[in-house]
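Try each task before reading its solution.

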Amino acid sequence: MLEEIASLERGVVLLTGDAKRLARIFLNLWLSKGKVFLVEYLPFEVDYPEKVFIGSIEEGFEFDGYVIYSLLSRPKPERAKYYSFIAEHRDKLILIYEPKYLRDSLFRYALKDLVDYLVAYKRETMGMDRVDVYKLEGGRVAKKKTYVRRF
């Protein structure tokens with residue numbers, strides 16, 4: 001399912017758990033295809049910095065994709081503004097990067113109806129990384145896969 005996300009042309013992906021490595025991989029793949037992104041904040045470096053613009057989603061220009069940082073930590077009225085932005089731009093690639101780990105608790109938020117993929121990254125104490133990937137359709141889980149990497 002990670003390959004499906006990497007090959008997306010449009011859709012909304014929510015990455016939780018401070019998954020910088022995964023976010024960097026996805027963003028670099030999309031940028032290598034010639035897409036131009038507007039990001040609010042970028043907690044990592046990318047291979048194509050000339051295709052990344054930093055600013056607010058209220059810039060007024062259209063981009064191929066957007067990176068929204070820490071959406072669920074914002075106040076409710078501000079989140080509502082972002083939800084309407086995401087709903088209007090469903091034909092673009094939108095990566096929502098959430099530093100907090102969030103998996104099943106996503107279903108308490110209105111965002112669940114807008115997200116196509118949820119990628120929940122967690123570093124376990126037993127020397128492994130766990131990545132749960134959910135494909136969502138209409139706010140419900142359509143498909144789920146778990147990846148484990150030992151180190």
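**Exercise 1. Count the aromatic pairs, then describe one of them.**

Step 1. Rings of Phe, Tyr and Trp (its six-membered ring) pair if their centres lie within 6.5 Å; planes under 30 degrees apart count as stacked, over 60 as edge-to-face and the rest as tilted. By this rule the count comes to eight aromatic pairs.

Step 2. Take Phe53 and Phe63. Their pair is tilted, with 5.7 Å centre to centre and 45° between the planes.

Step 3. Phe53 sits in strand β3 (residues 52-54) and Phe63 in the loop between β3 and β4 (65-69), so the pair ties together parts ten residues apart in sequence. Strands (E, at least two residues) and helices (H or I, at least four) are DSSP runs, numbered from the N terminus.

Step 4. Ring pairs link Tyr41, Phe44, Tyr69 and Tyr97.

A note on the source: this is a predicted model, where local features need pLDDT of at least 70, side-chain atom pairs count only at pLDDT 80 or more, and totals for chains, interfaces and linings use all residues. Residues are numbered from 1 along each chain as its sequence is written, and side-chain values use heavy atoms, with hydrogens and water left out.

**Exercise 2. Decide whether Phe53 and Phe63 are buried, partly exposed or exposed.**

Step 1. Buried means under 20% relative accessible area, exposed over 50%, partly exposed in between (1.4 Å probe, protein chains only).

Step 2. Apply them. Phe53 has 43%, so it is partly exposed. Phe63 has 11%, so it is buried.

**Exercise 3. Describe the surroundings of Tyr101.**

Step 1. Locate Tyr101. It lies in the loop between β5 (93-98) and β6.

Step 2. At 34% relative accessible area, Tyr101 is partly exposed.

Step 3. List its contacts (heavy atoms within 4.5 Å). Leaving out residues up to four places away in sequence, Tyr101 touches Thr16, Gly17, Ala120, Tyr121, Lys122 and Asp132.

Step 4. Look along the chain. Tyr101 and Ala19 are 82 residues apart, yet their C-alpha atoms are separated by 9.2 Å.
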